[in-house]
Amino acid sequence: MAGTKLLLEGRVSVKCFLLGLSVVLIPLIRTSFGHLDWVFDYLTETPGKIAICMHIAVVNGLLLITYRAPLYKIAVRACFLGFTFGCGLIISFSETTWTYFGWYMCSLSFFHYSEYLVTAVINPRSLSLDSFLLNHSMEYTLAAVSSWVEFTVEKLTVPGGLSSFSFTPFKNVHVQVNSFPKPEHGAEIQDFSLCVSVSELKQLHWLSFLGLFMVLCGEGLRKAAMLTAGSNFNHIVQNEKARSHVLVTDGVYAYFRHPSYVGWFYWSIGTQILLCNPVCTLGYTIASWRFFRERIEEEEVSLINFFAEDYVEYKKKVPTGLPFISGIRVN
Ligand SMILES: C[S@@+](CC[C@H](N)C(=O)[O-])C[C@H]1O[C@@H](n2cnc3c(N)ncnc32)[C@H](O)[C@@H]1O
């Protein structure tokens, strides 16, 4: 039964994710006809918008014809995530200052889709629409929307951010300032010797690369944890022990007691660093740290009930993996 679920629902989700992802073919086809370059304009200009709308209509029509509920509900979500991933790719490879938002769209859609797919592989019995984690919680949705708002507002209203600063003891220094609005040529900085280089707040490349690195490592660690724990992994923390539930202490669980939470923690902060969102970076760090501290304590109460001395011994040897979180106290 569980194997059938993987075969059917997992396969439907893969097909539909790829169907949504096929949006990347439109600019490729147009480019090969010499009409349009692989550029962001593609999404903003009228022919591009029409092509996207037609793609959405055709793909949705196909899904409606092919699937009935409950498979349709899986299909439409997987397709939406594939479509978002595809649009993220188009933006990422375009000549635009929205490149990092494209990276973010790819990170977010890949995370949610792969949660479903990996659950289908490791624990098909627990597979449901919730495995996409799209409706995780009100707070989660609010956090995502806040980051889009912060990115857009700062992008449109705060074009300048301090990127480097140096001090020199000479007077009447002419400096090259890379700022907004850009000065003509070598702006003169009055009578004192302050040399400032300013660049766009949302174009701090090294910071976005750092964010992307965190996203990739966090995603990798989380999926490694899910694959290691196998059927013992469940998106819903279990309060009753299943007969098949065993304590996992190998692989990434030999380094961290809660590797999937460690991965998710750094992934979520990484998404905000990638977007150069200062407010959300701080907000996400505090909110997710508090969330995981509580969650780990609750989970460890159940794990001690399930595995008694074995878990207590494991807990003594292996840290949680999250900074300043030690888990439930055991006397
Ligand atoms: C969302 S998973 C998170 C697992 C783990 N906290 C992590 O971060 O990788 C939650 C489920 O995993 C189970 N679980 C957590 N640690 C486990 C371990 N070391 N061995 C087996 N099951 C574990 C819990 O009982 C719970 O039902």
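**Loops and ligand shell**

Tutor: Start at Cys276, which counts as buried because 23 C-beta neighbours lie inside 10 Å. Buried takes 20 or more other C-beta atoms within 10 Å, exposed 12 or fewer, partly exposed in between, with C-beta atoms placed from the backbone. This is a predicted model: local features need pLDDT of at least 70, side-chain atom pairs count only at pLDDT 80 or more, and totals for chains, interfaces and linings use all residues. Numbering runs from 1 along each chain as its sequence is written.

Student: Where does Cys276 sit?

Tutor: In the loop between H9 and H10. Helices (H or I, at least four residues) and strands (E, at least two) are DSSP runs, numbered from the N terminus. Phi of Cys276 is near 55°, positive for a residue other than glycine.

Student: And what is phi at Leu133?

Tutor: Near 60°, also a positive value in a non-glycine residue. Leu133 is in the loop between helix H6 (99-122) and helix H7 (138-157).

Student: Is Leu133 buried or partly exposed?

Tutor: Partly exposed, because 16 other C-beta atoms lie within 10 Å.

Student: New topic. Which residues come nearest the ligand?

Tutor: Gln238, Val248, His258, Ser260 and Tyr261, of 18 around it. Near means a C-beta atom, placed from the backbone, within 6 Å.

Student: Which elements give two or more residues to that shell?

Tutor: Helix H8 (205-229), helix H9 (259-274) and helix H10 (278-317).

Student: Which two residues does the cis peptide bond join?

Tutor: Ala69 and Pro70, with omega about 5°. Pro70 is in the loop between helix H4 (46-66) and helix H5 (71-92).
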